[in-house]
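User: Hi! Could you walk me through reading helix packing and burial in a model like this one?

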Amino acid sequence: MNKHAALGIALIAVLSVAATFIAQIPAVKSLSISALIVGILIGMVYANTLRHKLPADCVPGLNFCSKRLLRIGIVLYGFRLTLQDVVAVGASALIVDCLVVVLTIALGLMVGKMLKLDLETTLLTSTGSAICGAAAVLGAEPIVRGGAGKTAVAVSTVVIFGTISMFLYPIVYRTGILPINDVQMGVYTGSTLHEVAHVVGASNAMGSTIATDALIVKMVRVILLVPVLLIMSFVLSRHRAKNTANSEHQSITIPWFAILFLVMICINTLLHVILPANSFNVGQWANTMLKTIEVISTFLLTMAMTALGADTSFSKFRAAGAKPFMLAGIIYIWLIVGGFAMAYLLVD
């Protein structure tokens, strides 16, 4: 890596530090806007103001952040989850999670085809809406290969509609419009809101019981990113092979970062089982280590988002048109209506 590429990485790191501090401002934090979202916004401001002054030799540094650091960040994200989380939500909540993910992606593909939207934007938007917002879009991008512009558009759609829900759900709950109990509301919130930050913000406004259930359901939904990416990789490889003259040279792109993500979940599970029983205060040390890893993971993902933003000009949004937002809007309506129906009918 040459010094110019290193300069590009340093630039993204500085912008990401700024995003991290901005996300901690009380007014911003009260809206549950994560550093990842602030990062892509800062990156986009840079892309549309000063990006033209960046030497071309620095671009590989930006690509390194949006691709390599992204994968590392997603792998480390696995340390936030344990297999106990899956058991804790119960079978009915797990079924709701699986149905939401599968049906949302299926609906997205169908609507995207009806809108004559390109497959990359359709998959990125559908995956982000179905699983965990911006993090899922970032996870799917290396497999879908949509590029910075389509990725930024997909992130924007899930952020917009997820933020609307973050304010809408507590209002609906407090007014008693829906015939739903606290457990069902927790599952409904965790299985349908886009970002983890959105789930935290909305559920905390509805009480501690709902907040706990919603967060666990959401984290289990995050785990489903692994099988989704594996299936997506297999299907896209076959699809590309059919559309390539030399189809025999096509191979399945195995998302190793997704598999390592699951491995980290298993390691974290073992740590939570073994270390608390240790008599040498290793548990406290491990807890500090896990918190440090969480901070590192968040910062790496923030750098990836900032780098994506830095490669996204407003002209790319104009080129994308209204169709991606129409797709995200239809999916959003489905999540509100279909998600409620499943939580109400399948959860006691």
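User: How do the axes of α6 and helix α12 (residues 225-242) cross, and within what distance do they come?

Analyst: An axis here is a line fitted to C-alpha atoms, for helices over the stretch in contact, and angles run from 0 to 180 degrees between N-to-C directions. The helices themselves (H or I, at least four residues) are DSSP runs, as are strands (E, at least two), and both are numbered from the N terminus. In this structure, the axes of α6 and α12 come within 13 Å and cross at roughly 170°. Angles under 35 degrees count as roughly parallel, over 145 as roughly antiparallel, 65 to 115 as roughly perpendicular and the rest as oblique. The helices α6 and α12 are therefore roughly antiparallel to each other. Leu-119, Leu-123 and Thr-127 of α6 make the contact with Leu-225, Met-232, Leu-236 and His-239 of α12, where contact means heavy atoms within 4.5 Å. By class, five of these residues are nonpolar, two are polar and none is charged. Ala, Val, Leu, Ile, Met, Phe, Trp, Tyr, Cys and Pro count as nonpolar, Asp, Glu, Lys and Arg as charged, and the others, Gly among them, as polar.

User: What should I keep in mind about the source of the values?

Analyst: This is a predicted model, so local features need pLDDT of at least 70 and side-chain atom pairs count only at pLDDT 80 or more, while totals for chains, interfaces and linings use all residues. Residues are numbered from 1 along each chain as its sequence is written, and side-chain values use heavy atoms, with hydrogens and water left out.

User: Which way does α5 pass α16?

Analyst: A crossing is left-handed if the near helix is turned anticlockwise from the far one by less than a right angle, and right-handed if clockwise. Helix α5 (residues 83-114) and helix α16 (residues 323-346) have axes that come within 10 Å and cross at roughly 155°. That crossing is right-handed, and the two helices are therefore roughly antiparallel. The contact residues divide into 15 nonpolar, four polar and no charged. Among those that meet are Leu-99 and Leu-103 in α5, and Trp-334 and Leu-335 in α16.

User: At what angle do α9 and α11 pack?

Analyst: Helix α9 (residues 182-192) and helix α11 (residues 208-223) pack at about 35°, with axes 7 Å apart, and their crossing is right-handed. This contact has six nonpolar, five polar and four charged residues. Both helices are among the elements that cover the buried residues of α10.

User: Last one: how many helices and strands does the chain have?

Analyst: The chain has 16 helices and zero strands. Its radius of gyration, taken over C-alpha atoms, is 20 Å, close to the 20 Å from the globule rule (2.2 Å times the number of residues to the power 0.38) for 348 residues, so the chain is as compact as a globular protein of that length. Buried residues make up 51% of the 348.

Methods:
Buried < 20%, exposed > 50% of the residue type's maximum accessible area, 1.4 Å probe, protein only.
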